[in-house]
Amino acid sequence: MTANPPNVPKRAIELPPYETVALVLQGGGALGAYQAGVYAGLYESGIAPNWIAGISIGALNTAVIAGNAPERRVAQLEAFWRTICEPGVFPPLPAPLEAAILNGPESGRVAYSAWQAWRALMEGQKGFFTPRWPQPLPTAMGDPAHASYYDTSALRGTLERFVDFDRINAREIRVSVGAVNVHTGNFVYFDNTREMLRAEHFMASGALPPGFPAVEIDGQYFWDGGLVSNTPLSEVLGTSPRRDTLAFQVDLWSARGPLPDNLNDVAGRQKDIQFSSRTRLVTDNLQRAQHYRRVLREILDRVPADVRARDPWCHAAEEIACSKRYNVIQLIYRNKEYEGHYKDYQFGLSTMLDHWASGLDDVRRTLANPEWLAMPSDARGFITHDIHRHEVI
């Protein structure tokens, strides 16, 4: 990885005339470096999203990308991730010792992964979160913003260091981040086309209880959007008015996986299923709905114009019918054998670089199939591609 990427993409891919090119970023803690690698690959190919939607760590990546000039985004992403992957108290292992562990037996790497995660729990991560001492008692009452095991106040300064919120609010890119209203339980999207976004909107999207505290915004408290839905794909594809859309859906949890045979693997598999938010089901439902809209559009086009003008059912159908086309490119993180159920809070630098490299490799191999970027040409008007699914087939 280079800390100073070139100002010009290495090779520009010419896209069909999509009205929306979206980057959709799921939540997943430390796994979010995979999304940074994906964005680096999109940048080097000259693909510039005009809408970025994120939840939890995806919201933080959204802030850094949208809050910087295009030529600075990859460098700022790397600097952001290097910052939050520093241990909270003691320095990391010397590089030669760490390299020896990573290049040694698999059992050593498994143990090292667990140790990195344990350090995150005990020390926190610099510029991100720190443990509260003393730890709050379960029944102790007080400020809702302190009802958590960790303090995330340092994250505000980190975001303000790496993100230009004036640029986000200038709406060069549409930005949407999901959160849950603690009082009402309603899922909401903070969107720069409707309101001015500040650091706390992105912090709220990643405020996963009981580890992280609720974040106050204009008198209301919000938690991590992943409590309700961990992927913003429906928000992007369901928006109105509808637009021809190419969406890069970057997921950090895979709904598919092996049957676990021990309690550690059970915990990891549970997280995969819980936080994948059934994205394949969401995609299938959206594909089916768009097929019905296209069928309705074709039927309406066969109805005489004078009938359409006076028939109220035709008026209602006109509001539903749609011939827009949707292409969803899925990039889904694949677990490593040495990772445990703690992979979402394993914030070590070596792990971050590994995740980044995985994302970069996946998007490069995906974009090596330029035909996948074409607009759908069949009657459904909706298509998906996943490099891992194609490999299995």
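Asp 218 counts as exposed, because its relative accessibility is 66% and the cut-off for exposed is over 50%. This is a predicted model, and in it Asp 218 has a backbone feature worth a look: phi is positive, about 50°, although the residue is not a glycine. To find Asp 218, go to the loop between strand 7 and strand 8 (220-224).

Let us turn to another residue with a positive phi. Ser 56 is not a glycine either, yet its phi is positive at about 60°. Ser 56 belongs to the loop between strand 2 (51-55) and helix 2 (57-66). Is Ser 56 buried or exposed? With a relative accessibility of 12%, Ser 56 counts as buried, because buried means under 20%.

Next come the cis peptide bonds. Start with Pro 209 and Pro 210, where the bond from the one to the other is cis and omega is near -5°. Pro 210 sits in the loop between helix 8 (199-205) and strand 7 (215-217). If you follow the chain through strand 7, you come to the loop that holds Asp 218.

Definitions and conventions. Residues numbered from 1 in each chain as written. Predicted model: local features only at pLDDT ≥ 70, side-chain atom pairs only at ≥ 80, totals over all residues. Heavy atoms only, no water. Helix = DSSP H or I, 4+ residues; strand = E, 2+ residues; numbered from the N terminus. Buried < 20%, exposed > 50% of the residue type's maximum accessible area, 1.4 Å probe, protein only.
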